[in-house]
Amino acid sequence: MTKRVYIKTYGCQMNEYDSARMADVLAPLGFAAADSPEEADMVVLNTCHIREKAAEKVYSELGRLSRLKRQRRAAGGEFLIAVAGCVAQAEGEEMLRRAPFVDIVCGPQAYHRLPELMERARNEPARGAIDTDFPAESKFDHLPEAAAPQGIAAFLSVQEGCDKFCTFCVVPYTRGAELSRPAAAVLAEARRLVAQGAREITLLGQNVNAYHGEATDGSSWGLGRLVRALAAIDGLWRIRYTTSHPRDMDDALIAAHRDVPQLMPFLHLPVQSGSDPVLERMNRRHTADDYRRLVERLRSGRPDLALSSDFIVGFPGESDADFVATLRLIEDVGYAQSFSFKYSPRPGTPAADMPDQVPEPVKAARLAELQALLKRQQDRFNHAAVGQVMTVLFDRPGRLPGQLVGRSPWLQPVHVPVHVPGHVNDATLGLGMMREVRIVASHANSLAGALPEPGGQEASRSGAAVLEHVPA
Ligand code: SAM
Ligand code: SF4
């Protein structure tokens, strides 16, 4: 009989990818996906520890699941509760003490061992099974091939962990040391994804541009080399990667941005702060001007490159002048989009014990000011697209009938009506196609577009390698 698993994912794209791989691990055990915990025989919470109160949120979700488990048990059924990801890693045994009804606690490097953990949990239901090791062997060597097709825009994890130890961040503790997958394994997975219909692949890693995968000749490939090899895969039209550290933006990767048209002109390059003393206390190991120069080099090879970043306001000791330096950096660089956060002390990280923690109201006021500036920049960037023609890869149906949604080269969602009387019809446009689209309006987080009139003269802001792809 088919069993069902409900996997709830918190946090980043890396976790989304891991959740899909956990589903691959559970599929051979007869588990299909459930749409809710109520329909499931097993629930996995794939957790994220980056934000404040992450653990508390998981415990309150677990409270709800424990009630469900009691009801299911009373009716003679099975209901396994597994907590995976970074909160599982950080809490470890403590989780089984605080929530003894949890069956499995599994760190991000151990989920290939879920079947074993389930077995242990069933044999010893009173104890719970835990695995938060950082095994010497990579989980990627033990995972089954990715099974479920991901669709037109797919993710591919190439790198895990981080050795940077920024003083605010838990990732090096929860995800462990940097580890890169061999280049051949990445290329094989990319070919499989393309054969399943993917046209765009986003390479994932906590610090993806620190990638240094072993090649078949024993040499080590950086991300730039890997991107060039991926670009040779027939049918792979677009390549992206996230998240990068400015220190790992090497010459080969900068050259790839210049030379490889499939590498999209949009880069998430977190800077966190524009103040040198703050950057130093964060252990970012670069200055604000290093970052400005890096952006200049990237843009001199790829002038249409747009950037996004992460910012932290209210890091310990951040003065008004430090904050103003961040605003100045934002003005100098000009971002298309960004994420920004109030500093939140993460237990066990050096910054949590630093003096001069910034009061909450100051953090809130700074965040509001910074976000207002970033919003103005984002609006300006989106508005500049109006009247331009750009390639859009259509990857999902729109909310309205007769509408398709795709992404611009700069990752903006573009909504396009398919039914235009006397102009286009269903047969000419579909999911998985990449077309030139004229942008007719910009909204806060998306663009509206129309297919250009046949034979019309349009100013092109292509940003793409290949102009038209109509798959057979
Ligand atoms: N590896 C990436 C990098 O180097 O920027 C980012 C990884 S982290 C998962 C994503 C973002 O969360 C960070 O860029 C940072 O802005 C934010 N973040 C991490 N720890 C934080 C903390 N303690 N307080 C506030 N924001 C935090
Ligand atoms: Fe965290 Fe990124 Fe710094 Fe690594 S480089 S410690 S993941 S913020």
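Me: How many salt bridges does the count come to?

Reply: The model is a predicted one. Side chains of opposite charge can pair when their charged atoms come close. A pair is counted here if a side-chain nitrogen of Lys or Arg lies within 4 Å of a carboxyl oxygen of Asp or Glu. By this rule the number of salt bridges is 30.

Me: How many residues apart in sequence are the parts that K8 and E61 tie together?

Reply: K8 and E61 form a salt bridge, with their closest N and O atoms 3.2 Å apart. K8 belongs to strand β1 and E61 to helix α2, so the pair ties together parts whose separation in sequence is 53 residues.

Me: Is E61 buried or exposed?

Reply: Buried means a relative accessible area under 20%. The relative accessibility of E61 is 9%, so E61 counts as buried.

Me: Which strand holds E200, the partner of R240?

Reply: R240 and E200 meet through their side chains in a salt bridge, at 3.0 Å from N to O. R240 is buried at 6% relative accessible area, and E200 is buried at 5%. R240 lies in strand β13, while E200 lies in strand β10.

Me: How do the residues around ligand 2 divide into nonpolar, polar and charged?

Reply: The shell around ligand 2 includes C162, K164, H245 and R284. Sorted by kind, the residues of this shell are 7 nonpolar, 2 polar and 2 charged.

Conventions: Residues numbered from 1 in each chain as written. Chains lettered and ligands numbered in written order. Predicted model: local features only at pLDDT ≥ 70, side-chain atom pairs only at ≥ 80, totals over all residues. Heavy atoms only, no water. Near = heavy atom within 4 Å. Nonpolar A, V, L, I, M, F, W, Y, C, P; charged D, E, K, R; others polar. Helix = DSSP H or I, 4+ residues; strand = E, 2+ residues; numbered from the N terminus. Buried < 20%, exposed > 50% of the residue type's maximum accessible area, 1.4 Å probe, protein only.
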